[in-house]
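Here are my notes for a first look at this model. Have the structure open while you read.

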Amino acid sequence: MALFRDENTPMIDRYRWWEVAGIYAGIFAFLFFLLAPFLEGFLVSLRPLSQLFTSPYRFIPENGSFEAYSGVFERLPNFWRFVFNSFLISTAVTVAVLLLVVPAAYAFARFSFRGMAPVLGAFLAVSMFSGAVLLIPLFRLMRTLGLLNTYWAMIIPGVAFLIPSAIWLLRTYMMRIPVELNEAAYMDGASQFYTFRRVILPIASPGIVVVAIMTFIGAYSQQFVFALTFNSKTEYMPLPIGLFAFFGKQEVVWNQLMAAAFMGIAPAVIIIFFLQRYLVGGLTAGAVK
Amino acid sequence: MGQLSLKNVIKTFGKFEVVKGVNLDVGEGEFVVFVGPSGCGKSTLLRMIAGLEHTTGGDIVIDGKRVNDLPPVRRGIAMVFQSYALYPHMTVFENIAFPLRVEGAPAQVISEKVEAAAKILHLESRLQQKPGMLSGGQRQRVAIGRAIVRAPEIFLFDEPLSNLDAALRADMRIELTKLHKQLGATMIYVTHDQIEAMTMADRIVVLNAGYIAQVGAPLELYHKPQNLFVAGFIGNPRMNFLPAICTGVSDAGVEVEVMGQRLSLPVAPRPGIGGASLTLGIRPEHIAPGTGEAVVRVIPSVVEHLGQQTIGYAAVPGREDSFCFVLPGTRAIEDDKPFDAGFAAADCHLFDADGQAFERRVDMTTLSVPVGG
Ligand SMILES: Nc1ncnc2c1ncn2[C@@H]1O[C@H](COP(=O)(O)OP(=O)(O)OP(=O)(O)O)[C@@H](O)[C@H]1O
Ligand SMILES: [Mg+2]
């Protein structure tokens, strides 16, 4: 959809001025609804704590500053450690999920075997439970395995809960790769594994990147529950738990909390932007037909 | 090397029998074309020869060795898919080199062989491009290139040209025929296209619903179809069929009455056919206006003027398929006006009630392409 037209714009993409205005108004309303909390969070991080509870409430901060950002490190000397933990956990989860899911999705996409449909159904069913429902059995499991208060306690459940959706996503992607490519490679003498590595993996890479992004975000947002229950060691805490330090007995240090949240998310956003460059379409162009 | 035999080959998918006992010997260096209506099992048969599909029954023998359980590479076979099946993320060079990379050939050998293949197929300037940037014909040539680098003894083609436009198809047809001469390998080629079948084949195999209806040289199928199916399938527009009654048998052949006229057809007679109802076949291109040993008056409902030919279609009372005639050149024939279609007894085909042909007494040597100088 091209809203700005030049003389080459196809007829189907041409709009009247009021249609363009309407589309922009719609986009704006939607984005505002979506982004307003972030905007306000950011504005909160800019103003001194004393100004936060004035009434009438003002949206635009007076004499705003980045003071809260440096304040984060005074109150929370471990801040970067928490960010690192968050990253470590999410990255480990993502890597583990990809290692397990890529071959599994390929198998589900290409081979048909007894019990495939029930297994796929079971994956869906599992992902309908949120981790929170299963916390108690998981806790006992972790305790039995002696994994409480380790990184593993946060990584393993994360992996388990993210696998089903990742398999479904990647399987759909891989099913769209023409089977003739497998057959052609087989005719050329390639083994299943060779075909997988040299033909399927490269073509599936945009799908794998999508799964990696989804998994990373999922792991980032999901780690809170597991970290809260399975870990009590400060040095292993991920950022969402670390942010509890801003909840004092009497008051919550909102501006620093927001500042910390933004600084914590920033690296993840950067990574995702970086990964997005690999989300190129049309990789199967010219394969068949 | 490159001799292939199919011995009573059967393929069933579940309960559904697709290939129902095919026997065929393909000689070394031969170009054999499989034709048949859609769904008759051509691709399935080809895929069994390739080793992509399991053979339910019978034997596939290559160079005297039963290969039913061998994978494609060990059969010495390469296949070109209808849909090209190129690796979209690799350059043309890497696509063609793929079989050699799988074998683990040294880089030097790979680049020599790929360049040789690219030269044969006129792809030298395309080697660094991806398949997505190529035209249909170029993609098809890359697919062929991938087949020829392995120097297989048998090539299989499944409708390789069906995605191309008419002009490109004609070019590729000629290039494939050249390639066959150049490589001298056995080629088995599936197609829907009659022209491809007639022009490229040493022998044509006509398949019908899982059986071989007839095997023979193109002109043999055209002049001596063994049954109604082949008679109707080979030739375009298809042969006209008229109901006929056998009135007698003589040394000269079989006498029939067709549309109220008596004809003596020069075909091998069989005993006890007096009074039997038969089917007479006459090809549209053997019809001349007005004159002939038999003349049938028809009223064409559609007349097509192609310049080179004039084609008319008329309804025949009591038959569903229309009666078609093809006259050379541009003729002043109008639709909905009566037309006298005349033909000679020598051009007629005769089939019994089971659709089996009475052998025509034609001298194939005068009808085939003259050999030698
Ligand atoms: N994997 C399969 N499972 C079940 N039936 C199949 C399978 N593959 C093919 N068939 C059936 O076998 C029959 C022959 O198929 P095939 O593809 O060999 O036909 P074809 O002669 O190549 O036709 P076309 O000219 O349209 O390509 C068809 O009726 C098809 O439905
Ligand atoms: Mg087919």
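The points below go through the contact between the chains and then the cavities.

1. Ground rules. This is a predicted model, so to speak of it with care: local features need pLDDT of at least 70, side-chain atom pairs count only at pLDDT 80 or more, and totals for chains, interfaces and linings use all residues. Residues are numbered from 1 along each chain as its sequence is written, chains are lettered from A and ligands numbered from 1 in the order in which they are written, and side-chain values use heavy atoms, with hydrogens and water left out.

2. The contact. Chain A puts in 22 residues and chain B 29 residues, where contact means heavy atoms within 4.5 Å. About 2,100 Å² is buried between chain A and chain B, with carbon and sulfur atoms giving 65% of that; buried area is the accessible area (1.4 Å probe) lost by two parts on being put together, summed over both.

3. Three salt bridges cross the interface of chain A and chain B (a side-chain nitrogen of Lys or Arg within 4 Å of a carboxyl oxygen of Asp or Glu). One of the salt bridges to look up joins the side chains of A:Glu183 and B:Arg47, at 2.8 Å, N to O.

4. Chain A's side. H7 and helix H8 (192-230) of chain A are the elements giving two or more residues to the side that touches chain B; helices here are DSSP runs (H or I, at least four residues) and strands are runs of E (at least two), numbered from the N terminus. H7(A) has the largest share of that side, seven residues.

5. The largest cavity. Two cavities of 30 Å³ or more turn up in the whole structure. A cavity is a set of points on a 1 Å grid over the protein atoms alone where a 1.4 Å probe fits but cannot get out, and lining residues have an atom within 4 Å of a point. The largest has a volume of about 60 Å³, and its lining includes A:Met187, A:Asp188, B:Met79 and B:Arg146. H5(B) gives the most to this lining, three residues, while helix H7 (179-187) of chain A and strand E6 (77-80) of chain B each supply at least two.

6. The second largest cavity. This one holds about 30 Å³ of space. Among the residues lining the second largest cavity are B:Val35, B:His192, B:Phe233 and B:Ile234. Helix H7 (residues 194-200) of chain B provides the largest share of that lining, three residues.

Conventions: 1 Å grid on protein atoms, 1.4 Å probe; cavity = no way out; pocket = protein on both sides within 12 Å on 5 of 7 lines; lining within 4 Å. Points joined across faces, edges and corners; volume = space filled by probe spheres on them.
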